[in-house]
Amino acid sequence: MHVTGNYVYTVIGATDTMVIGDISDPAYPRIISQTNVGDGVNFVYASGRYAYVSNFTAGSVSVVDVSNPFDPVKRSEVATGVQANGVYAHGRYLYTTNAGPGTLSVVDVSDPGRAVEVREISIAT
């Protein structure tokens, strides 16, 4: 789950959906949209116009345009390592850990419609 501004972003693994909620009134949060984004969704991170979702089963990360939180649109999906497990974005790069092999993937998201993995390194000890 990730909160930014008046919105909360979360994922539901059983349905492979990302859900956006309006929390502008914390006493009355409401779901405003949901969309299918991948296979085995398990983590989400939102930054600016985009949300990034790790897809554990698919071993990938989805890039979702959330500039209109009422109508999110999946822009791309990039293969990373086996069992993509966490996700964080900073600047033009997105980072995800891959549980199976114990690796970290670095993904260039400067063109959200064509995200590209630029490196995968071992973090296993």
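In what order do the 4 strands of the open sheet come? The order is 9-10-11-12, and the pairing is antiparallel. Keep in mind that this is a predicted model.

Now the edges. Strand 9, residues 84-90, sits at one edge, and strand 12, residues 116-122, is the other edge strand. Each of them pairs on one side only. On average, neighbouring strands here are turned by 20 degrees against each other, with direction ignored.

Stay with strand 9. Its partner is strand 10, residues 93-98. The two run antiparallel and share 6 bridges.

Next, the rings. How many aromatic pairs does a search of the whole structure find? It finds 1. The partners are Y45 and Y88. Their ring centres are 4.6 Å apart.

Where do the two tyrosines lie? Y45 is in strand 5, residues 41-47, and Y88 is in strand 9. They are 43 residues apart in sequence, so the pair ties together separate parts of the chain.

Last point: buried or exposed? Y45 has a relative accessible area of 14%, and buried means under 20%, so Y45 is buried. Y88 comes out at 42%, which counts as partly exposed.

Over to you for comments.

How values were computed: Residues are numbered from 1 along each chain as its sequence is written. This is a predicted model: local features need pLDDT of at least 70, side-chain atom pairs count only at pLDDT 80 or more; totals for chains, interfaces and linings use all residues. Side-chain values use heavy atoms; hydrogens and water are left out. Two strands pair if DSSP finds at least two bridges between them. Axes are lines fitted to C-alpha atoms, for helices over the stretch in contact, and angles run from 0 to 180 degrees between N-to-C directions. Rings of Phe, Tyr and Trp (its six-membered ring) pair if their centres lie within 6.5 Å; planes under 30 degrees apart count as stacked, over 60 as edge-to-face and the rest as tilted. Buried means under 20% relative accessible area, exposed over 50%, partly exposed in between (1.4 Å probe, protein chains only).
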